[in-house]
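Have the model open while you read.

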Amino acid sequence: MNMKKKQTQILAIIVAAVILVAALVFHLVRINSDPLVSLSYLNNTVQPELEKEFSNQLDVKADELQKSFAAAVNNNNGSYKSVKIEKEQKVTFGSDSEFVFVSGNATASKDRSICDVTDGKTLGKGDTLAANHLFIALADGASIKSSTETVFMVRGVCTVS
């Protein structure tokens, strides 16, 4: 009888071990299917909120740029105006202003702020502007400095100092 009792105890231990192993396997499978408990929260809540916020900010900036561009075009009724500057004067352009360099000698005052559309290159600081080329100011504050009397045609915003 003692032997039967021992067999029952061994059987009970084996059944308990099997149940414990099954519970452990079930738990591990559940963890591996969602390794980060908050992954669904990140995917379903945080990501859409971030995308929505980014989209809203992008829309606001696009509206600002569109209004700025419209104002610059309306400044000159969409046409070019002639600007003449004296030796050693500086002209500062608004973003997206266009100008055709007509005559004189002038250099870019800032690195990579003016694009020579005719040659398809960006001017570095000190680069000379070529006559009869179309240029675009890539950012507010793009500027040129004349070394002689200079004439150019501008469409957009510019200030002479």
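1. Glu 88 and Lys 145 pair up through their side chains in a salt bridge, 3.6 Å from N to O. By salt bridge I mean a Lys or Arg side-chain nitrogen within 4 Å of an Asp or Glu carboxyl oxygen. Glu 88 sits in the loop between strand 1 and strand 2 (90-93) and Lys 145 in strand 8, so the pair ties together parts 57 residues apart in sequence. Helices (H or I, at least four residues) and strands (E, at least two) are DSSP runs, numbered from the N terminus.

2. A word on the source: this is a predicted model, where local features need pLDDT of at least 70 and side-chain atom pairs count only at pLDDT 80 or more, while totals for chains, interfaces and linings use all residues. Residues are numbered from 1 along each chain as its sequence is written, and side-chain values use heavy atoms, leaving out hydrogens and water.

3. Glu 88 is partly exposed at 47% relative accessibility, and Lys 145 is also partly exposed, at 37%. The cut-offs are under 20% relative accessible area for buried and over 50% for exposed, with partly exposed in between (1.4 Å probe, protein chains only).

4. The structure has four salt bridges. Another one of them joins Arg 155 to Glu 98, with the closest N and O atoms 2.7 Å apart. This pair links distant parts of the chain, Arg 155 in strand 9 and Glu 98 in strand 3 (residues 98-103). Arg 155 is partly exposed at 27%, whereas Glu 98 is buried at 18%.
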